[in-house]
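Please have a look at the picture before going on.

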Amino acid sequence: QSPVPSNYQTTLQNFANLGVDVQITELDIEGSGSAQASNYERVVKACLAVARCAGITVWGIRDTDSWR
């Protein structure tokens, strides 16, 4: 099961529809390999699809950089 909800883009868009910019901060997705990459891709694509999504900040891409 993905840690990224299926309605993630819709949720971002709902906040943007309120007239505010949204940002994804301190993104850290657990896992490794293709599953982790796929989840990062889902988050990035959701942000790119929402005009008021102003950016994404990550803790680190490598597991050694993760707080976990």
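What follows covers the strands, the helices and one backbone angle.

This is a predicted model, in which local features need pLDDT of at least 70 and side-chain atom pairs count only at pLDDT 80 or more, while totals for chains, interfaces and linings use all residues. Residues are numbered from 1 along each chain as its sequence is written, and side-chain values use heavy atoms, with hydrogens and water left out.

The elements discussed are DSSP runs numbered from the N terminus, with helices (H or I) of at least four residues and strands (E) of at least two.

| Element | Residues |
|---|---|
| Helix H1 | 8-17 |
| Strand S1 | 22-27 |
| Helix H2 | 33-49 |
| Strand S2 | 53-58 |

S1 and S2 pair in the parallel sense over four bridges; pairing requires at least two DSSP bridges. Leucine 27 faces valine 58 of S2. Together with H2, the two strands form a right-handed β-α-β unit, that is, with the strands pointing away from the viewer, the path from the first strand over the helix to the second runs clockwise.

H1 and H2 have axes that come within 9 Å and cross at roughly 35° (lines fitted to C-alpha atoms over the stretch in contact, with angles from 0 to 180 degrees between N-to-C directions). Tyr8, Gln9, Leu12 and Gln13 of H1 meet Val43, Ala46, Cys47 and Ala49 of H2, where contact means heavy atoms within 4.5 Å.

Glutamate 26 lies in S1 and has a positive phi of about 55°, although it is not a glycine.
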